[in-house]
Amino acid sequence: MKNILLLFLVSQINTFVNAQPISGKTEKYDVVVSFGSICCGTVSDDFLVNFIKQVDCKNKVTIQAWQLGGCGREGEFKILFLLNKLNPSAKKKLITGLKKLVPEQNNKNKKAKTSSGPINLDFDFPAKQLENCSGQLTKWN
């Protein structure tokens, strides 16, 4: 019984620590990558994880990012970035890289599976536009 209670408490603390209210700290996100679905769920965000890890490593920074789910009926989600801790050069490289990466990934996904949902890239995205998402905002890798 003690183990079950301890496990429950740890999971609740983890949820509290990693969660952030949508209406909370920011009025806009610098970059939002949206993973859509046509019929069968979203594609993997692995390509984005790898890209961000490379940017972090090259620039010796940690990019702040959150994931927000519940943005549709088929698992649609968004990755939200705040870039205020990046120097202007690193920020420009990141944005330039994303502008190239996202269309390339959309093309790869369409070739691999024609029913793949789109990946969209938005800049200066108002936090108020996230109100239609019912998921919890959590830290993203």
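**Exercise 1. Which residue of S5 stands opposite Lys-28?**

Solution. Lys-28 stands opposite Pro-126 in S5. This is a predicted model, where local features need pLDDT of at least 70, side-chain atom pairs count only at pLDDT 80 or more, and totals for chains, interfaces and linings use all residues. Residues are numbered from 1 along each chain as its sequence is written, and side-chain values use heavy atoms, without hydrogens and water.

**Exercise 2. Find the strands that pair with S2.**

Step 1. Recall the terms. Strands (E, at least two residues) and helices (H or I, at least four) are DSSP runs, numbered from the N terminus. Two strands pair if DSSP finds at least two bridges between them.

Step 2. Take S5, residues 119-126: seven bridges join S5 to S2, and the two run antiparallel.

Step 3. Take S4, residues 77-82: five bridges link S4 with S2, again in the antiparallel sense. Here Ser-34 stands opposite Lys-78.

**Exercise 3. How many residues of S2 are buried?**

Solution. S2 spans residues 28-35, and seven of its eight residues are buried (under 20% relative accessible area, 1.4 Å probe, protein chains only).

**Exercise 4. Describe how H2 and H3 are packed.**

Step 1. The axes of H2 (residues 46-59) and H3 (residues 88-112) come within 11 Å and cross at roughly 160°. Axes are lines fitted to C-alpha atoms over the stretch in contact, and angles run from 0 to 180 degrees between N-to-C directions.

Step 2. H2 and H3 are therefore roughly antiparallel (angles over 145 degrees).

Step 3. List the contact (heavy atoms within 4.5 Å). Among the residues that make it are Phe-47 and Phe-51 of H2, and Leu-94 and Leu-98 of H3.

Key
Buried means under 20% relative accessible area, exposed over 50%, partly exposed in between (1.4 Å probe, protein chains only). Angles under 35 degrees count as roughly parallel, over 145 as roughly antiparallel, 65 to 115 as roughly perpendicular and the rest as oblique.
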